[in-house]
Amino acid sequence: MFELTQDHEDFRRTVRDFAEGEIAPHVARWDREHHFPADLIPRMGELGLFGLVVPEEFGGHKGEHSDGEFTYLCLAIEELGRIDQSMGITLEAGVGLGINPILTFGTQEQRERWLPDLAAGRALAGFGLTEPDAGSDAGGTRTRAELVDGEWVVDGAKSFITNSGTDITSVVTVTARTGTREDGKAEISAIMIPSGTPGFDVAPPYDKLGWNISDTHGLSFTDVHVPEANLLGTRGKGYGQFLATLDDGRVAIAALAVGCIARMLEESVAYARTRLTFGRPIGVNQGVSFQLADMAVMLENARNLTYKAAWLKDELDAGRRSLQEFKQAAAIAKLYTSEAAVTSTRMATQIFGGNGFMEEYPVARFYRDAKILEIGEGTSEVQRMLIGRGLGLPTT
């Protein structure tokens, strides 16, 4: 059965020290100014955070730990997310959505070209799946790519793409319709489009409810030409490739949610011990203490579900567990933890009362940040659908 080792805990401590020392002192200002701290990414790379799942031959750190690289990644995301959710999602998207498709489906040449800089934090990569009219219905992709004289010509648009418009973004992998299958459905493939390619335009950053430090843009492609060799994986398999990528991403989002719940419990307990009403700490009131007890239970459950799923991913990679077992655990972890995170921020804000509505207290920022956890990497409704399928229920 899964458990965290001393090496895991030592790694957690390293990431926590970094987050508390390098992110926490600045995070309120960065959030207020919607500032993406690009200079912090290479420093995260120096810690090995972006290279945790990347083999050493491509500049990564996979193999430096005894095993369980995905679990280490989740620990890093949790600890960053405990200080700031935006920095947690920057790592999650940078590895899970940027690096992972290239590592898993890329050719040797593609890996050698892109992974060293990505693993070192010298560059970031994006993952273009969502479109204005194709979110949960990813199969409804309208972006098109036509093979003409040895080049892919891409036209279309993507929405809500993380790490897509930074000064160090090097490439975005996008899904596109490349033809029609024998059954009449769209053939969807994955195409790698380097930043700066003519016709590849990055829209201004979104004015978001939360994740204000995270880099998020809409993208458009107008007569974009890239080499035929920029096909990622097998033609017509792009949809399945990206769905497989999302399985890992769901566990990583769960780890981000764990960081949120942990921080809300810490902040709420500290406040309940010191905030006085009617001459005594509010923590003596059952109305407060019961909420804190519920939050503690949510944190325990969220951690157990998340790290069980992460362990199953590492076991799957080692050939000791089934894909379906992991997929079910990933959906369960993502569903529970994301909804628990939203609940924990609501409870924390209520415990803080009027102060919880003020931006000078971190609970307000976490309250804004939490909602997207129920949407990104598959909505809660999608997770319930997947879990139902995993139970063997009919799909029609």
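1. Let's start with overall size. A compact globule of 396 residues would have a radius of gyration near 21 Å, and the protein chain has 21 Å, so the two agree. (That radius is taken over C-alpha atoms, and the globule rule is 2.2 Å times the number of residues to the power 0.38.) Along the principal axes, the C-alpha atoms fill a box of roughly 80 × 45 × 45 Å.

2. Before you go on, keep in mind that this is a predicted model, where local features need pLDDT of at least 70 and side-chain atom pairs count only at pLDDT 80 or more, while totals for chains, interfaces and linings use all residues. Residues are numbered from 1 along each chain as its sequence is written, and side-chain values use heavy atoms, with hydrogens and water left out.

3. The protein chain has 11 helices and 10 strands. (Both are DSSP runs numbered from the N terminus: helices are H or I with at least four residues, strands are E with at least two.) Buried residues make up 55% of the 396; buried means under 20% relative accessible area, with a 1.4 Å probe and protein chains only.

4. Now the inside. The largest nonpolar core has 95 residues, and Ile 23, Met 44, Leu 80 and Leu 91 touch the most other members. (Such a core is a set of buried Ala, Val, Leu, Ile, Met, Phe, Trp, Tyr and Cys residues joined through side-chain atoms within 4.5 Å.) Helix H7 (residues 238-274) gives the largest share, 17 residues. Apart from this core lies another, of 15 residues, including Phe 221 and Val 224.

5. Which residues does Ile 23 touch, not counting those up to four places away in sequence? They are Phe 18, Trp 30, Leu 40, Leu 80, Ile 83, Asp 84 and Met 87. Contact here means heavy atoms within 4.5 Å.

6. Have a look at Arg 365, in helix H10 (residues 362-370). Is Arg 365 buried or exposed? It is buried, at a relative accessible area of 7%. Beyond its neighbours within four places in sequence, Arg 365 is in contact with Val 27, Asp 31, Ile 83, Asp 84 and Glu 359.

7. Finally, strand S4 (residues 169-180), with 9 of its 12 residues buried. It pairs with strand S1 (residues 124-128) in the parallel sense over 5 bridges, and with strand S5 (residues 186-194) in the antiparallel sense over 9 bridges. (Strands pair if DSSP finds at least two bridges between them.) S4 and S5 form a hairpin with 5 residues between them, and Gly 184 in the turn has a positive phi of about 90°.

Note on methods. Buried < 20%, exposed > 50% of the residue type's maximum accessible area, 1.4 Å probe, protein only.
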